[in-house]
Amino acid sequence: MYNHVVYSLAKSGSNGLTLDIANENPQCTMLHSYFSKRWHINDDWNRLTVNYHKKDDYQPPTNNMLNLDYNENIKLTKIRDQQTAIKLDSLKQFSKNNNFVLFCSVSYIDLHILHFFQNDPRTKIYLIERNIGDVFISLYINTYIQWNITRPVDSVQRPKKVFEKNSITIEKFFFDDFTTRYKKYIKFRDRINFAKVIQYEDYKFKNSDYLHEWNNRKLDYIQNKKEVVEFLMQLVKAINVIDF
Amino acid sequence: MEQIDISFDLTSTDYSAELGFSVTLDEKTIIDILHVDKETPVTLKIEADDGDHELKFTMKNKTANHTTVDENGQVVKDAYLNISNFYLKNIKLGDIFLEHCKYHHDFNGSQDPVVVPFYGDIGCNGTIVFLFRSPAYYWILETIPYRKSNYV
């Protein structure tokens with residue numbers, strides 16, 4: 001019996017891979033998005049519930065914090081770290097008597113989480129990778145253009161976002177956010193011993209909803225294409241030069 | 001149809017040697033230089049249909065006289081060309097350019113033809129074939145080496 005953990009950058013098919021692994025391992029409890037925001041922690045560690053609980057909703061780690069002053073930012077970071085620690089502790093307790101499948105996003109993984117996973121002989125970690133241009137564009141569209149449909153929201157009241165062809169300009173903050181996220185992804189990826197590395201483009205998802213072929217025409221929506229391509233080239237090159 | 005700006009620096013280790021150089025796109029000659037006699041910044045504007053394309057760089061007219069060998073057979077002086085700072089649509093490709101080039105030559109007629117990786121220097125008469133696809137931005141995004149080699 002093993003625990004199964006999926007690690008990825010973002011928009012790399014981690015939901016689909018996690019679901020497939022869960023279906024292949026019915027003895028495991030699927031703790032979907034455990035470290036992000038969906039799971040409510042009970043006092044009884046053996047009954048981690050699957051229901052969304054607003055009070056457990058975490059503050060997104062970056063964007064909402066951009067407009068805060070330094071002290072506010074530190075305070076929020078502390079709260080988030082505490083929440084992550086509580087969740088990690090509950091997972092440790094839970095795993096004493098249960099096996100689980102989950103994905104651990106780049107935004108929430110830290111050394112404590114990594115240490116727990118890597119030192120648990122019952123845990124297998126998988127990496128799913130996807131074309132970085134696809135990830136970048138999909139992440140931007142998903143986060144800032146198309147409403148995040150994985151989060152339960154009131155469909156009537158949710159904000160309407162406009163997505164017209166050739167109307168998007170990727171703003172500077174997103175380059176910075178992505179750089180932070182990518183550096184963190186690389187930092188942890190290089191410390192993890194993976195049971196398997198999977199290419200999104202080669203993997204056959206059991207649920208076809210998760211397979212989206214590299215639609216490079218998505219770039220057509222972006223006004224500052226050259227800037228995006230240049231940024232990604234320089235980012236990958238800079239990280240490669242520094243870390244490899 | 002996409003308009004693509006291409007630029008690179010063409011240099012020689014010996015400008016007195018009459019090394020020739022040409023560029024073709026899909027077999028159509030774009031530039032033909034009889035003698036690379038000075039550092040030559042090359043700028044091209046090409047029109048490319050969607051799909052695969054071959055950009056070929058050919059060095060010609062190198063002779064045995066352009067290479068000086070000592071009594072031990074070691075090359076002490078040689079004339080060769082170099083391509084550097086390759087830009088596609090104003091984006092410097094760096095290693096992506098080299099990785100998508102193949103160097104076809106036959107050691108100036110002294111050996112069987114070979115196809116080898118290209119590292120920037122053109123030491124033998126022959127052709128470097130650079131393969132790319134239009135639209136160029138999409139091709140670059142698909143080509144960025146985002147994976148660590150030991151995971152491939």
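Predicted model: local features only at pLDDT ≥ 70, side-chain atom pairs only at ≥ 80, totals over all residues.
Two strands pair if DSSP finds at least two bridges between them. In β11(B), B:Val114 is the bridge partner of B:His105. B:His105 belongs to strand β10 of chain B, which spans residues 101–105. Strand β10 and β11(B) pair in the antiparallel sense, over 4 bridges.

Now widen the view to the sheet. In chain B, 6 strands form an open sheet, with antiparallel pairing. The order runs β3-β2-β5-β13-β10-β11. At the edges stand β3 (28–33) and β11 (114–117) of chain B. Each has a single partner strand, so one side of each is left without a neighbour in the sheet. On average, neighbouring strands of this sheet are turned by 20° against each other, direction ignored.

Next, the interface. Here 15 residues of chain B are in contact with 17 residues of chain A. On the chain B side, helix α2 (residues 136–143) gives the most, with 5 residues. That side of chain B divides into 9 nonpolar, 2 polar and 4 charged residues.

A:Leu127 lies in strand β4, residues 123–129. Is A:Leu127 buried or exposed? The cut-off for buried is 20 or more other C-beta atoms within 10 Å. A:Leu127 has 23, so A:Leu127 is buried. Which residues is A:Leu127 in contact with, leaving aside its neighbours within four places in sequence? They are A:Tyr7, A:Ser8, A:Arg189, A:Phe194, A:Val197 and A:Ile198.

Methods:
Residues numbered from 1 in each chain as written. Chains lettered and ligands numbered in written order. Helix = DSSP H or I, 4+ residues; strand = E, 2+ residues; numbered from the N terminus. Buried ≥ 20, exposed ≤ 12 C-beta atoms within 10 Å, placed from the backbone. Contact = placed C-beta atoms within 7 Å. Nonpolar A, V, L, I, M, F, W, Y, C, P; charged D, E, K, R; others polar. Axes fitted to C-alpha atoms, helices over the stretch in contact; angles between N-to-C directions.
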